[in-house]
Amino acid sequence: MINSLFIINNLGEVFMERHWKSVVSRSVCDYFFDAQSKVSSPADIPPVIQTPHFYIISIYRNKLHFLAVLQSEGPPLFVIEFLHRVVDVLTDYLGECSEVKIKDHYVIVYELLEEMVDNGFPLVTECNVLKELIHPPSLVRDIVRPLTGESGVSTTLPKGQLSNVPWRRAGVRYTNNEIFLDMIEEVDAIIDKTGTTILSEIHGRIEANCRLSGMPDLTLSFMNPRLLDDVSFHPCVRFKRWEVEKVFSFVPPDGRFQLVTYQLGNQSQVSLPVFVAPTFTFHESSGRLNVKVGPKQTMGKLVEDVVLTIPMPPCVTNVSPLSTFGMATYDPVERVVLWKIGRLNPQKEISMSAHISLTAGEVPDGNPTIMVDFKISQFAVSGLKVNRLDVNGEKYKPFKGIKYYTKAGKFQVRS
């Protein structure tokens with residue numbers, strides 16, 4: 001299945017590699033760099049690249065490229081899911097998955113990759129099981145390990161490895177029993193210059209932080225479960241019960257985990273929370289930009305951390321932005337106007353205007369596409385709401401908390 005894994009930073013440096021079968025030369029990454037040079041954004045790189053002797057499957061997360069190299073054909077979605085699991089495990093172990101953290105804990109990362117994959121096939125990807133095999137880094141272990149030369153890998157098999165719930169370790173005990181759920185939804189949208197929505201999708205996920213003793217059995221129900229579409233579950237969820245009763249029934253892993261991901265693509269259900277109305281006018285040596293921004297349907301919730309990114313054409317020499325609210329700046333190196341608005345006032349719309357200087361005799365072929373970023377706390381744009389969360393199988397009464405969170409994904413406004 002997977003021959004090798006390469007981790008590449010934004011500068012194109014391969015700073016870590018791991019081989020499970022025969023060693024694959026780094027030169028195979030040249031095919032990836034060729035594909036990267038043909039696109040403007042890392043998100044546009046083809047996830048599967050075919051070479052004369054290998055298949056390269058890649059993801060881009062946390063400003064790092066993770067490349068899996070396969071010598072023979074394999075299910076690409078399976079490999080992509082494994083690469084995401086690698087990032088999630090490293091984030092759980094190291095606090096964040098970054099180049100600096102990985103370099104500081106090379107040994108632990110190599111040990112994790114050794115346990116996660118057996119002869120090229122993913123084997124153990126649950127953090128709870130891995131933490132019983134490989135101890136997370138700590139200050140004491142970082143000092144003692146170089147002196148003693150001890151391996152961080154446990155010599156005993158994890159207790160939950162052979163049970164019917166391998167994702168949960170045995171003998172979990174907490175003084176305060178609690179579980180928290182975060183429902184996070186990202187809005188992808190393409191809006192044309194007339195304000196018409198061409199495409200709108202919602203990508204949601206439910207993340208949990210479970211600190212419950214024993215072996216609890218949880219049931220999560222929704223007020224409107226029919227909204228959920230294209231659902232992907234954590235292995236702990238009993239799929240048959242979801243099909244019949246439309247509830248989530250599961251024995252949760254200990255600690256943080258992603259319970260489910262879902263997608264909504266019906267335009268009639270997606271109510272965009274903000275509006276952006278841009279206007280560009282270009283003449284022979286100059287141009288003008290006007291942008292209006294305001295909230296739409298947010299159920300009284302505040303739209304926060306609003307940022308507009310406006311890339312300028314190559315013929316633009318300078319931009320002088322002036323906004324009625326927030327701070328607008330122009331980066332001449334990146335050729336980008338950045339308008340940091342912050343929190344939108346629900347009672348009024350705000351605007352930004354800018355004078356654009358052009359190279360003499362040149363006029364842009366088309367108008368730029370504006371990228372919008374925002375977040376809304378305690379608001380689910382899909383309208384999905386949790387009805388109740390029940391904990392069975394244990395005598396204690398835990399504390400339960402649920403938060404809703406909406407933010408922009410690929411939110412584009414064409415001008």
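**Figure 1. Where is proline 216 found?** In this predicted model, proline 216 sits in the loop that links β9 (197–211) to β10 (217–222). With a relative accessibility of 0%, proline 216 counts as buried. Setting aside residues up to four places away in sequence, proline 216 touches Arg168, Phe250, Val251, Pro252, Val391, Asn392, Glu394 and Tyr396. For orientation, lysine 385 is 169 residues from proline 216 in sequence, and their C-alpha atoms are 23 Å apart in space.

**Figure 2. The whole chain, before we zoom in further.** The protein chain holds seven helices and 23 strands. Its C-alpha trace spans about 75 × 55 × 40 Å along the principal axes. Of the 415 residues, 44% are buried. Take the contacts between residues at least 6 apart in sequence: 69% of them join residues at least 24 apart. The chain exposes about 21,400 Å², and carbon and sulfur atoms supply 51% of that area. As for charge, there are 43 positive and 45 negative charges, and their mean positions lie 8 Å apart.

**Figure 3. Helix α2 and the glycine that follows.** Helix α2 covers residues 76–94. Glycine 95 comes after α2, and its phi is positive, near 90°.

Figure 4. In soluble globular proteins, nonpolar side chains tend to be buried together. Here, the largest nonpolar core has 74 residues, and Phe248, Leu259, Leu308, Met312 and Phe411 have the most contacts inside it. Strand β8 (residues 178–191) gives this core its largest share, six residues. A second, separate core has 37 residues, among them Ile7, Phe15, Ala68 and Val87.

**Figure 5. A closer look at methionine 312.** Which residues are in contact with methionine 312, leaving aside neighbours within four places in sequence? They are Phe280, Leu289, Val319, Tyr330, Arg335, Val337 and Ile356. Methionine 312 is one of the residues with the most contacts inside the largest nonpolar core.

**Figure 6. Threonine 219 on strand β10.** Threonine 219 belongs to strand β10. Is threonine 219 buried or exposed? Its relative accessible area is 12%, under the 20% cut-off, so threonine 219 is buried. Beyond residues up to four places away in sequence, threonine 219 touches Arg241, Val247, Phe248, Arg388, Leu389, Asp390 and Asn392. One of these partners, Phe248, is among the residues with the most contacts inside the largest core. Asn392 is also touched by proline 216. Threonine 219 and proline 273 are 54 residues apart along the chain, and 31 Å separates their C-alpha atoms.

Figure 7. Not counting residues up to four places away in sequence, leucine 272 touches Val187, Ala189, Ile191, Thr197, Ser200, Lys296, Gln297 and Phe411. Threonine 298 lies 26 residues from leucine 272 along the chain, with 8.5 Å between the two C-alpha atoms.

**Figure 8. Isoleucine 402 and glutamine 378.** Isoleucine 402 is part of strand β23 (residues 399–414), and at 32% relative accessibility it counts as partly exposed. Its contacts, not counting residues up to four places away in sequence, are Leu181, Gln378 and Val386. Isoleucine 402 and lysine 385 are 17 residues apart in sequence and 9.9 Å apart in space, C-alpha to C-alpha. Glutamine 378 lies in the loop between β21 (369–377) and β22 (386–392). Although it is not a glycine, glutamine 378 has a positive phi of about 55°. With a relative accessible area of 39%, glutamine 378 is partly exposed.

**Figure 9. Lysine 63 and its positive phi.** Look for lysine 63 in the loop between β4 (55–61) and β5 (64–70). Its phi is near 60°, a positive value in a residue other than glycine. At 59% relative accessibility, over the 50% cut-off, lysine 63 counts as exposed.

Definitions and conventions:
Residues are numbered from 1 along each chain as its sequence is written. This is a predicted model: local features need pLDDT of at least 70, side-chain atom pairs count only at pLDDT 80 or more; totals for chains, interfaces and linings use all residues. Side-chain values use heavy atoms; hydrogens and water are left out. Helices (H or I, at least four residues) and strands (E, at least two) are DSSP runs, numbered from the N terminus. Buried means under 20% relative accessible area, exposed over 50%, partly exposed in between (1.4 Å probe, protein chains only). Contact means heavy atoms within 4.5 Å. Accessible areas come from the Shrake-Rupley method with a 1.4 Å probe; for residues, only the protein chains shown count as cover. Lys and Arg count as positive and Asp and Glu as negative; His and the chain ends are not counted. The place of a charge is taken as NZ of Lys, CZ of Arg, CG of Asp or CD of Glu. The expected span of a helix is 1.5 Å times one less than its number of residues. A nonpolar core is a set of buried Ala, Val, Leu, Ile, Met, Phe, Trp, Tyr and Cys residues joined through side-chain atoms within 4.5 Å.
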